[in-house]
Every structure is written in structure tokens, then in C-alpha cells.
Amino acid sequence: MRTMSRVTPVEQSAEPALPPAPGAAQHPALDLANSALVLPGGQRADLLDTPGAAQRWLVDRGLAPADAELRDTCASRLRSLRERIRPLLASRIEGRPAPADALAAVNEALTLVPAALLLQWSPEHGLYRSTAHPTTQIVEHALATLAADAAELLTGPDADRLTACGSAPCNRYLLRHGRRHWCSTRCGDRARAARAYARRTGRTEED
Ligand SMILES: [Zn+2]
């Protein structure tokens with residue numbers, strides 16, 4: 001569970017109460033891809049739109065220490081990796097060639113710094129593992145970890161279960177379980193309601 005104790009109520013309301021899509025807990029890259037969402041009604045929410053929001057997102061996923069203070073450029077680097085990972089996921093799902101610029105961006109993030117946590121020692125903690133400290137290195141480590149996970153997701157055993165949520169206007173990706181291809185109960189209910197409405201009125205609103 002995430003702890004929100006440090007977050008003010010105003011900031012809290014910025015994060016929509018939507019559970020992570022299936023697979024997002026195991027694959028931070030999938031979670032990253034889903035961090036800019038289109039909500040029912042068409043509003044957009046970006047969970048990485050400010051340095052504070054991006055910092056919380058990373059801390060909640062164990063990708064940055066709680067005291068990391070991200071800068072604007074750090075948040076924007078995370079958002080730009082996301083905008084490269086999304087087309088890669090889409091190309092894998094649709095069986096299209098992977099976009100070369102997206103591959104280059106993911107490979108750059110992969111090789112910028114090692115994804116491994118460093119072994120460190122301090123008098124208070126003894127031996128422990130963490131990222132190196134300067135904020136840019138924290139962010140680069142997070143980018144490397146997210147890029148490595150994207151590569152693993154796209155080529156590993158889960159790749160064939162990767163799909164896009166089938167409930168418009170939702171834009172989240174998920175790992176399919178059986179026939180279920182919705183990212184959440186809310187999306188499933190909305191898709192069923194839309195189908196029922198289409199049957200009643202004899203109109204098809206969506207495919
Ligand atoms: Zn959805």
C-alpha cells in the first residue's frame with residue numbers, strides 16, 4: 001500500500017482513484033505507460049505533471065528514496081520516456097514495426113547508468129543498497145530501471161498478454177487474463193453499459 005501521509009489534500013485529489021491495471025504492479029514500465037490517462041468524459045490526468053507528483057510516483061514504486069527532490073527536468077525526462085514506451089507497446093500489440101526513435105530513446109535510458117543498486121555503507125545503516133545520491137543520478141537510475149523493464153516486458157513471456165484497454169476512451173495498457181481486456185472493473189462496467197445501450201437503441205456507439 002502507498003502511504004500518502006506527506007501529501008496535502010489538494011495534491012491527493014490530483015491522482016484519480018483508479019487501481020493499477022493488471023500487470024502494472026509487476027511491470028513498472030506498464031505503470032509508467034499508464035501514468036497519463038484519459039478519464040471517462042475525456043478529461044486527462046497526468047500522474048507525472050509536476051516534480052512533486054513525479055517524485056511521489058517514483059517513491060511509491062521503490063524507484064527513488066523518499067527524500068529525493070526532483071526538478072522540473074527530472075519529471076520531464078520521465079514523461080518523455082513514457083511517450084517513447086507507449087508507441088513501443090502499441091507497436092507490439094498491433095504487430096507493427098517498432099518505431100526507431102522509441103527504440104533509440106529506450107536504449108539510451110538503458111545504457112545511461114547501470115540499473116543495479118549500488119552497495120553502500122554508513123555508520124547508521126551498515127551495509128545497504130541504494131542509488132547514488134545526486135538527484136540526476138536517482139532519476140537516471142529510475143529511467144534505466146523503467147527502460148530495462150520495458151525491454152523485458154516487450155520480449156519476455158508476458159509480451160503476448162499485452163493489450164490496450166478495450167473500453168474507450170481509456171488509454172491504459174494491461175496484461176490480459178483470459179478474455180478480460182479491460183484495465184479495471186470501472187472500464188468493464190462502462191463497456192458493458194455501452195453495449196447494452198447500443199442494443200437497446202439499435203445503434204453502435206463503438207466497435
Ligand atoms: Zn481502461
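Biologist: What makes Cys183 count as buried?

Modeller: Buried means under 20% relative accessible area, exposed over 50%, and partly exposed in between (1.4 Å probe, protein chains only). Cys183 has 2% relative accessibility, so Cys183 counts as buried. This is a predicted model, in which local features need pLDDT of at least 70, side-chain atom pairs count only at pLDDT 80 or more, and totals for chains, interfaces and linings use all residues. Residues are numbered from 1 along each chain as its sequence is written, and side-chain values use heavy atoms, with hydrogens and water left out.

Biologist: Which residues are the protein donors of the zinc ion?

Modeller: Donors are N, O and S atoms within 2.8 Å of the metal (3.2 Å for Na, K and Ca); water is not among the atoms, so sites may look incomplete. The SG atoms of Cys165, Cys170, Cys183 and Cys187 lie 2.3 Å from the zinc ion and are its protein donors.

Biologist: Why is the arrangement around the zinc ion called tetrahedral?

Modeller: Four donors count as tetrahedral if all angles lie between 85 and 135 degrees. The four donor atoms subtend angles of 104 to 118°, so the arrangement is tetrahedral.

Biologist: What makes the pair Asp31 and Arg61 a salt bridge?

Modeller: A salt bridge is a side-chain nitrogen of Lys or Arg within 4 Å of a carboxyl oxygen of Asp or Glu. For the side chains of Asp31 and Arg61, the N to O value is 2.6 Å, and they meet in a salt bridge.

Notes:
Four donors count as tetrahedral if all angles lie between 85 and 135 degrees; four count as square planar and six as octahedral if opposite donors are over 155 degrees apart and all others between 65 and 115; anything else is irregular.
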